Amino acid sequence: KAMDTLLTHNFDADTKICIVTLLKMIENLIQQPTNQKVRSIRVGNPTFHSKVACRPGGVDILMACGFTRETPSPGLLSSTSAAATTASNDSTTATMLVLLPSNESTSTLLEARSMLVQCALQQLQMTTKELPTQKPPPPPVTVGASKSNNKASFDPYKTQRHDGASSAAGMKVTPDSTYVSTTEKQLHQLEQKQTKLEQSNLGGKPFERQLVAGLPGTTSTTSSSMNVVDVVSSSTTSAKGDGSLLAQQFQKRQQERLAREEGGFTTKAMRDLEKMKTQKVYKFVSLKIQFADGSHVQGKFRPHETVATLIKVIQKECLVWSDAAFDVYVAPPRRLLQPAKTLKEEGLVPAAKIFVSWKVESTPSEGTPVGSFLKPELFSSREVEQPQFPNGIPLVGGGGGETKKSTTTKKSQENTKAATTAEEREEEMMKRMMGGRGRKTKSKLVGGSTTKKTTSNKPKWFK
């Protein structure tokens, strides 16, 4: 009915312009199912009004496709007739044709497009070149579809490659699932080496903790290696206080952050490999356990022992009463140690100073002598044996003196070879410059023996 009204109440030239405009609008609706701009038309738009709205039957075709008319309510304060007339004109201009999702149907739009094309070709004798290009509708997009249902979904964990090699092969040339990069191979080798060194450090001998207690103001030294107490005291005296330690820590973090930002993109394997190259394997961890009254206990622990094991050792082997409740933390800044984590995960390797914080129910009473809650035998063992500072074996470049010696010998041989090669190149160049003459050998009799001296024909200006 709307099509008949358009054909019978308009000139053919105007009808052709209206049909072409309607076909473009319907084509946009079909090809852009999620674009809301093409689904809202202002009737007062000059272009739309001159081509469609002013032609009888033009708006009726859009209404048949599912569009609805939305007119804004007039102003409440329009008392005079002039104001009322102005308000009515504004409301007519602001009238919108909106295609709501509940009224939209792709089959209805396709049917309307087909009817308009047939009318243009048969009734108006138009050619296909005068009509807009018609394309098939895009596949429907299902929101929340799974990977199996939506073939066009992008998998961020799957390798994607689009280049000339893939185009020439007619397929995506990507490594298979068993491919291991060079970085991952190196990382795996260092992890295996670290595991072997840690297992060799365990050995078959029983581990001796060498627990030694001390009172405030006491220090200890050993002749074989530096003691952990000396390391802590030297670092404490060299620094100005907690403020300087925090400043150094923040400065270090800032430098690491800038290095990461300026270093470009790296994979997790590359970051783990760089971290692994700087690590060392230690046989034990030297800890100094500081109590609130100034007394301390120092001893040896395994790097892979948990904080819970450390707490049990303090309760059973250091304190007079084994049921004392306390927390252990490091400072600055104050950070409680998690019982489930290992000493290596908490960053206590190779040596560290930790503090004991008593719970309310286990706090020693006032007037208690300093260090009286520690076992007396820990003070007597101070003169017998003391824990030493651990020595680490680097994962890269480690392995003993023979390896270092062979590496040094190899480097010296390479340097000698490079020097000899340079002399030969220089000699060949001099031969070409001097017409094929090389070095001259002179003999001289010194003390009954003949010595040979080789001279070169290089000119004085040659350097």
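How much of the accessible surface of the protein chain belongs to carbon and sulfur atoms? The share is 54%, out of an accessible surface of about 31,200 Å². The model examined here is predicted. Its protein chain has 463 residues, and 27% of them count as buried. The secondary structure consists of 14 helices and 13 strands.

Strand pairing was examined next. Strands of a sheet pair through backbone hydrogen bonds, in either a parallel or an antiparallel sense. In the protein chain, 6 strands form an open sheet. Their order is β4-β7-β6-β10-β8-β9, and the pairing is mixed. Strands β4 (212-214) and β9 (335-336) are the edge strands, as each pairs on one side only.

Within this sheet, β6 covers residues 285-290. Its neighbor β7 covers residues 296-301. The two strands pair in the antiparallel sense, over 6 bridges. Leaving aside residues up to four places away in sequence, Q290 touches S295, H296, K353, I354, F355 and V356.

A helix lies across part of the sheet. This is α12, residues 307-318, and the strands it lies across are β6, β7, β8 (326-330) and β10 (351-358). Relative to β8, helix α12 runs at about 125°.

Strand β3 spans residues 96-99 and pairs with β1 (residues 40-42) in the antiparallel sense, over 3 bridges. Here S40 has V98 of β3 as its bridge partner. Strand β2 (residues 67-70) also pairs with β3 in the antiparallel sense, over 4 bridges. In this pairing, E70 stands opposite M96 of β3.

A second salt bridge brings together the side chains of E305 and R209, at 2.8 Å from N to O. E305 is in the loop between β7 and α12, and R209 is in the loop between α8 and β4, so the pair ties together parts 96 residues apart in sequence. Both E305 and R209 are buried.

Which residue forms a salt bridge with D327? The partner is K359, and the closest N and O atoms are 3.8 Å apart. K359 lies in the loop between β10 and α13 (376-380), while D327 lies in strand β8, so parts 32 residues apart in sequence are tied together. At 32% relative accessibility, K359 counts as partly exposed. D327 is also partly exposed, with a value of 28%.

Notes
Residues are numbered from 1 along each chain as its sequence is written. This is a predicted model: local features need pLDDT of at least 70, side-chain atom pairs count only at pLDDT 80 or more; totals for chains, interfaces and linings use all residues. Side-chain values use heavy atoms; hydrogens and water are left out. Contact means heavy atoms within 4.5 Å. Buried means under 20% relative accessible area, exposed over 50%, partly exposed in between (1.4 Å probe, protein chains only). Accessible areas come from the Shrake-Rupley method with a 1.4 Å probe; for residues, only the protein chains shown count as cover. Two strands pair if DSSP finds at least two bridges between them. Axes are lines fitted to C-alpha atoms, for helices over the stretch in contact, and angles run from 0 to 180 degrees between N-to-C directions. A salt bridge is a side-chain nitrogen of Lys or Arg within 4 Å of a carboxyl oxygen of Asp or Glu.
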